[in-house]
Amino acid sequence: MLSRTAAQLYWMSRYVERAENLVRMLDVTHSLSLLPQSRGAMTELAAPLAVTGTLEAYNHSHQTLEANRLFNFMALDLNNPASVLSCLRHARENAHAVRGQITSEMWEAINATWLEGREMPKRGVADVSSFYDWVKERSHLIRGATQGTLQRNEAYYFIRLGTFIERGDNTARLLDVKSQLIEPAEANLAPVNVAVESAPDFYTWSALLRSLSAFEAYHAVYRDRLDARRVAELLILRPDVPRSLRACSDEIRDILPHIEARSGSLDAGRIVKQLAGRMALRLEHGTVDEVLELGVHHWLTTFLQKSAQLGDAVREAYFEAN
Amino acid sequence: MHALTLPAPGHYDEMLLDSGALRPHYQQFANWLHAQTPDALAKKRAEADLLFHKVGITFAVYGDEAGAERLIPFDTVPRIVPASEWQMLEAGLRQRVSALNKFLWDIYHEHEIVKAGLIPAEQVFANAQYQPAMQGLDLPHGIYTHITGVDLIRHSDGGYYVLEDNLRVPSGVSYMLENRKMMMRLFPELFARYPVAPVAHYPTLLLNTLRHASVAEQPTVVVLTPGPFNSAYFEHAFLAQQMGVELVEGQDLFVKDEYLYMRTTVGPQRVDVIYRRIDDAFLDPLAFRADSMLGVPGLLSVYKQGHVILANAIGTGVADDKSIYPYVPDMIRFYLGEEPILHNVPTWQCRKPADLDHVLVNMAELVVKEVHGAGGYGMLVGPASTQAEIADFRARVSANPSNYIAQPTLCLSSCPTFVESGIAPRHIDLRPFVLTGREVTMVAGGLTRVALKQGSLVVNSSQGGGTKDTWILEA
């Protein structure tokens, strides 16, 4: 496969995944900011800006932090390269450049998403929740079309690789925003049943879990009330929760053997596979105690660094190999 | 039931006689049409638009500020061609393309036709499209014109005429294929009534043609595109996908040790045949335009060593140039010893003083074209122009006569077409796609373009033209 094509397939799926996760983050922000007990709705609102590194850009063009403006900036503003619609546009541009490599079902799903999305800034969005639902549905449709129609060839594996590298990164960032809420609790890592479940905590955790579609999984696994320790365990270490870091790194490790990379006689993909293997091992054998001991924020920061390293290695091995 | 506007008398209409009676091969269609409500048909047209948008069958318009991608309007009334007419057209196309190919071989080798005095030497060798680099170069099987698009029109006398030969990078074949797919989806019942020759195997024929162009045993074929911003990008991607070959841009290719490679995830891979959709001038910045970012440095040198095949060959433009066009019938006689089956449109060459006088005097009745123009740009349609426009063109022609040719304003045949007022005749042309490989082949079909503005004779999509499905009947 052409190196350029591989890169464009990979970025196409990263952008779709990013749009979906961004919406998940905006959704949790949105519901938390509505809580009367919310500890400073402002902090909540600013979270997506901090996570996407657009706080400065936002402040530059807006005087006040206000829910509606934030939504427009993060969801619909095509001048904001990190907005949901910008992601959908990038996804479509990449898909356009590789449309010979994807099925017509995939292309139509991605193209129709952009065609519909680009009208939204003009037309406005009736309510934010339906916008979030729409983005998630489109993302599910695109992924479903990929799963259901694309031959299991290199194109498929580059697409899947992009999905899980992006998802792992995004889940870690979302968790990190909330990690300061976990850190105080770690001071007394007393047995869970001693922890007092305060109402704000309950809503914080449930909103986080819902935004990652893991609320039901939490109850199925623990059959108990919500607490920080378990949330961390579920979203970082459980292999059976599809948006957890462990699940993402398992996927990445399993995808890589399907992708050949040679540069001359060297296996250029060796470094990628090593990095991915180490990441998967660390998650497989890690315990929540280790994570809490190190501090969730610290642990996640390291994870994000390693994830970025992996992304760089992918680029060097497959997209710039010759 | 349908507001049907009759063609103006004296025009040739594909469906209706002057009396308003139907031509026999449209009878079934008319019966069917009569049974449809305008609402149902309007719905089908809306559905077609939506589907084309979704599939992204769009083209970019040069000079359009918004840079927006537009749909080429698709008309749902098919252009139907009886089998007997197609047999004649097919034989004529085969003959014409064979002669053009022999002409290209000749002018890049022995120059027999020039020596025989049939074409003035300066018309060939001083032509900007003539590529000296091709002189003496032997291509496998002597093939230059792997893919040819021949523009045909039907005049009011009912006869077909060749308007121009497109031997560089003719486009539009994806519309031929997608229009058929659309018609079969919207109106399957019509295909039960008509024995329409299939066209869907075109990509297979094209791939065979491209493979045959190389002497390599298992040649690697690629499609070379200028990129997603090119107006025909959809077609490039479409053909690459249909043939199952890579769609590459110049940046994906490089020359090493006198061979051409593409950059892949598993390292460099040899490329044997390039179906190139970029013009000669942009192919190799070392040999042609140095500012080209679209091509591959060193490509010409690899080509000249025979290590890669370009389809079409470099330098084919000299044979479809409007100044060479008048000589094609002579080429057919000279190389094949046959009488031309397809006729040229009578053409005045302004470089000839007598012709120039005629053109300057009669410009209001003529179509005047730049010799190297394409896409409907740089031309004057006399009867449709204002006095000022004609005066302006007259000045331009006088200043540089050899840059222009003129032809009578042909009355392109019309075909009923959906317009705002209902169904009305609109002028059409026809571009079949001819492939030269082991033999000269084509699918029974082509792209029918339609000028959607009333009375307009310009069918180019960049000038507001649309397309129709073309049905060649098998019996």
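A salt bridge is a side-chain nitrogen of Lys or Arg within 4 Å of a carboxyl oxygen of Asp or Glu. This is a predicted model, in which local features need pLDDT of at least 70 and side-chain atom pairs count only at pLDDT 80 or more, while totals for chains, interfaces and linings use all residues. Residues are numbered from 1 along each chain as its sequence is written, chains are lettered from A and ligands numbered from 1 in the order in which they are written, and side-chain values use heavy atoms, with hydrogens and water left out.

**Stop 1: a pair within one helix**

Select D169(A) and R173(A). Their side chains meet in a salt bridge, 2.7 Å from N to O. Both residues lie in helix α9 (residues 154-186) of chain A, four residues apart, about one turn of the helix. Helices (H or I, at least four residues) and strands (E, at least two) are DSSP runs, numbered from the N terminus. D169(A) is buried, with a relative accessible area of 10%, whereas R173(A) is partly exposed at 31%. Buried means under 20% relative accessible area, exposed over 50%, and partly exposed in between (1.4 Å probe, protein chains only).

**Stop 2**

Next, select R143(A) and E17(A). A salt bridge joins their side chains at 3.1 Å, N to O. R143(A) belongs to helix α8 (residues 128-149) of chain A and E17(A) to helix α1 of chain A, so the pair ties together parts that are 126 residues apart in sequence. Both R143(A) and E17(A) are buried.

Over all chains the rule counts 44 salt bridges.

**Stop 3**

Show chain A as a cartoon. Chain A has 16 helices and two strands. Of its 322 residues, 55% count as buried. Contact means heavy atoms within 4.5 Å; among contacts in chain A between residues at least 6 apart in sequence, 68% join residues at least 24 apart.

A nonpolar core is a set of buried Ala, Val, Leu, Ile, Met, Phe, Trp, Tyr and Cys residues joined through side-chain atoms within 4.5 Å. Which residues touch the most other members of the largest nonpolar core? Select L9(A), V84(A), F131(A), L161(A) and Y318(A), in a core of 64 residues. Helix α1 (residues 3-33) of chain A gives the most to this core, with 11 residues.

Centre on L161(A). Leaving out residues up to four places away in sequence, L161(A) touches Y10(A), I252(A), I255(A), L256(A), I259(A) and V314(A). Apart from this core lies another, of 45 residues, with A99(B), L137(B), V222(B) and Y327(B) among them.

**Stop 4: where the chains meet**

Colour the chains separately. Here 24 residues of chain B are in contact with 26 residues of chain A. The two chains bury about 2100 Å² between them, 46% of it on carbon and sulfur atoms. Buried area is the accessible area (1.4 Å probe) that two parts lose on being put together, summed over both. On the chain B side, select K54(B), T265(B) and V266(B), which lose the most area to chain A, together 30% of what that side buries.

The rule finds two salt bridges across this interface. R4(A) and E249(B) form a salt bridge, with their closest N and O atoms 3.3 Å apart. The largest share of the side of chain B that touches chain A, four residues, comes from α9(B).

**Stop 5: a buried threonine**

Finish on T448(B), in strand β22 (residues 447-451) of chain B. Is T448(B) buried or exposed? T448(B) counts as buried, at 0% relative accessibility. Its side chain makes polar contacts with the side chains of R79(B), at 3.2 Å, and T470(B), at 2.6 Å. A polar contact is a pair of N or O atoms within 3.5 Å; within protein, one must be able to donate a hydrogen and the other to accept it, and residues adjacent in sequence count only if both atoms are side-chain atoms. Not counting residues up to four places away in sequence, T448(B) touches residues including I428(B), D429(B), L430(B), G466(B), T467(B) and K468(B).
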